Amino acid sequence: MRYRLTFVAGVVLGYVLGTKAGRERYEQMKRSAQQFTQNPAVRNTAETAAHQGREFADKAYHAVSDKVGDRMPDSVAQRVRTLRERTAHGPAEDDWGTSNT
């Protein structure tokens with residue numbers, strides 16, 4: 001029982017001391033992360049990567065659906081046709097009401 005009490009006291013003391021010093025470090029890391037994400041070079045690179053990822057996913061989607069479309073169950077094939085129609089008309093909202101951009 002004595003060891004448990006010592007352990008709990010150590011955890012409590014560590015938590016109290018850690019939160020005092022930890023909050024300042026947390027705020028410093030948060031500011032650094034915000035400065036990094038606001039950097040124009042970082043933003044441009046992220047946007048370019050996202051755009052290329054969407055293009056690659058679109059090509060892969062069409063390649064796979066063309067090759068296995070006739071072997072899919074009807075419910076899946078219907079979903080693929082719906083998605084093709086949706087992408088043919090430009091970016092649209094997804095099932096959750098958000099855009100795909």
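Helices (H or I, at least four residues) and strands (E, at least two) are DSSP runs, numbered from the N terminus. Read that way, the elements of the protein run α-α-α from the N terminus on, with three helices and zero strands.

The model is predicted: local features need pLDDT of at least 70, side-chain atom pairs count only at pLDDT 80 or more, and totals for chains, interfaces and linings use all residues. Residues are numbered from 1 along each chain as its sequence is written, and side-chain values use heavy atoms, with hydrogens and water left out.

Start with the whole chain, shown as a surface. The accessible surface comes to about 9,000 Å², and 60% of it belongs to carbon and sulfur atoms (Shrake-Rupley method, 1.4 Å probe; for residues, only the protein chains shown count as cover). Of the 101 residues, 4% count as buried (under 20% relative accessible area; exposed is over 50%, partly exposed in between; 1.4 Å probe, protein chains only).

Next, select helix 1, residues 2–38, and find Val-12 in it. Val-12 counts as partly exposed, at 47% relative accessibility.

Then go to Val-80 in helix 3, residues 74–88. Val-80 is buried, because its relative accessible area is 14%. Last, select Ser-65 as well: its C-alpha lies 7.3 Å from that of Val-80, with the two residues 15 apart in sequence.
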